[in-house]
Amino acid sequence: MKQLPRLAVLAALAVVLGCGSGTAPTEGTTGDGVPAADEQATPPERWLVWLIDIRRRVEFPAAIVEVSDGKAELLDSLVGEADSISLADGEFHLRSTDEEQDTFDIVATGTSGELRGNAVIDGASSIWPIRLEPTEEKSLEALRPDSISGVDAFGEALSEPTPKGLEDFVKSRSTSAMALLASEALIAASQREELDDEAVRGRAAAYEKLAEKWGDRYVAYARVRSPLVLARVGYAPQLARKLADSAKEGLDEDLAKSWEPILDELDQKLAIAEATLALTGEDESARDDARTKLEAMVAEDSAMSEVAYLLAEDAERRGDKERALALYGEIVALPGLEASFWRAASSVDEEVELPSDRFDRLWKELRGEDATDEDRELFLSKRYEERAFVFADEEKRVEPSGNRVSLVELFTGTT
């Protein structure tokens, strides 16, 4: 996540303090710290802007805004100096530039004192929910990161054996930013429930509706995330493709450019999901095409352990056990590759077999009892040399493409 130095300090404090409370909710507020509708008829003089990091379950005090005689002023900020700022008639808009020359665009809307929205950095793929609450503070110095409302309840709902807990959570805590993550978890759970396309569409539509509370940009983000979540768990790839195409058509030019890393991942994950489906189908031509596409992905990027595993499984089914051994061996030999594969694969299938276990089984079958540990290590070392150093050479030839910030997220249960 893109952070300013002071935000980075607050992130560390969140760990040290266990995400302790930043400021106590004001009397007459909701569980999110937002004034109840019947308690606030006009905006207060001073507002605290919270930037919400859903993936880490923490929100950060990002700015304090004061309104006097109809004019808004930025009293303190972790998002740079204000280029423009306004807060009137239930609409908030702040553009600011930090010391690294990154420009934040923060918007929020609401009625009766309830203000929610989102924040982005121009040209970057990150987006954060934000909320505003009344405050008496004039400085951010004494404020600390806070746990997002509903974190514990979300964890309990996520651990339930059925999605009912998540459904109840979204209904009961629709104003909490954690409901956004719960909506993604419900879409991912569609695979386990084997829902039909209509039911999955319903969950994606519900996510989009919930995102409306956080502004138009977050709605666009939710529309992109839904097919990405489906593609990550390898479910309903044809429906995911339709949802992705629709989401892309609705993006304006600026968002499409800023979110290029997310859209690239979406295209890649969809291609993998579609190829996976074709590999197990009856159409031989489609299987060949899918195999060619996946082989090209692995040849281009040796870190694609998920694809290497799929190809190894396919090779075993076709009886090409030497190729399967080489692919499993590649995952085992390259540092950290099996661990990254396991983190991603086990979130989808708890019973997935480790590449090292499959490698050992095939090694014994193909090399027999006469093969020594030295033979095994020599084989893996050769796979490492063939793949790791070739990849490193390719990396050296890549020209830098700018300093765009990428959103790196792994969906828990995400993005």
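Strand S6 (residues 103-109) pairs with S7 in the antiparallel sense over six bridges. Helices (H or I, at least four residues) and strands (E, at least two) are DSSP runs, numbered from the N terminus. Two strands pair if DSSP finds at least two bridges between them. Isoleucine 106 has alanine 119 in S7 as its bridge partner. This is a predicted model: local features need pLDDT of at least 70, side-chain atom pairs count only at pLDDT 80 or more, and totals for chains, interfaces and linings use all residues. Residues are numbered from 1 along each chain as its sequence is written, and side-chain values use heavy atoms, with hydrogens and water left out.

S7 (residues 115-121) is mostly covered: seven of its seven residues are buried. Buried means under 20% relative accessible area, exposed over 50%, and partly exposed in between (1.4 Å probe, protein chains only). Leu115, Gly117, Ala119 and Ile121 point one way from the strand. Arg116, Asn118 and Val120 point the other way.

S7 also runs antiparallel to strand S8 (residues 127-134), joined to it by six bridges. Valine 120 has isoleucine 127 in S8 as its bridge partner. S7 and S8 form a hairpin with five residues between them. In the turn, glycine 123 has a positive phi of about 80°.

## Arginine 131

Arginine 131 is found in strand S8. The residue is buried, with a relative accessible area of 6%. Its side chain makes a polar contact with the side chain of glutamate 59 (2.8 Å). A polar contact is a pair of N or O atoms within 3.5 Å; within protein, one must be able to donate a hydrogen and the other to accept it, and residues adjacent in sequence count only if both atoms are side-chain atoms.

## Nonpolar cores

The largest nonpolar core has 52 residues. Such a core is a set of buried Ala, Val, Leu, Ile, Met, Phe, Trp, Tyr and Cys residues joined through side-chain atoms within 4.5 Å. Ile54, Leu180, Tyr218 and Trp259 have the most contacts inside it. Among the elements giving two or more residues to this core are helix H2 (151-159), helix H4 (178-193) and helix H9 (260-279). H6 gives the most, with ten residues.

Tyrosine 218 touches Ile54, Asn118, Ile127, Trp128, Pro129, Leu180, Tyr207 and Ala211, not counting residues up to four places away in sequence. Contact means heavy atoms within 4.5 Å.

## Valine 170

Valine 170 lies in helix H3. It is buried, with a relative accessible area of 16%. Beyond residues up to four places away in sequence, valine 170 touches Ala179, Ala182, Ser183, Leu186 and Leu210. Its C-alpha atom is separated by 9.7 Å from that of alanine 206, 36 residues apart along the chain.

## Helix H10

H10 (residues 284-300) has 17 residues. From first C-alpha to last it reaches 24 Å, close to the 24 Å expected at 1.5 Å a residue. The expected span is 1.5 Å times one less than the number of residues. Ala290, Arg291, Leu294, Met297 and Val298 are buried. Seen down the axis of H10, these buried residues fall within an arc of 125°, so they line one face of the helix. The arc is that of the directions from the helix axis to the C-beta atoms. On the other side, Thr292, Lys293, Ala299 and Glu300 are exposed.

Aspartate 283 caps the N-terminal end of H10. One of its side-chain oxygens lies 3.0 Å from the backbone nitrogen of serine 285.
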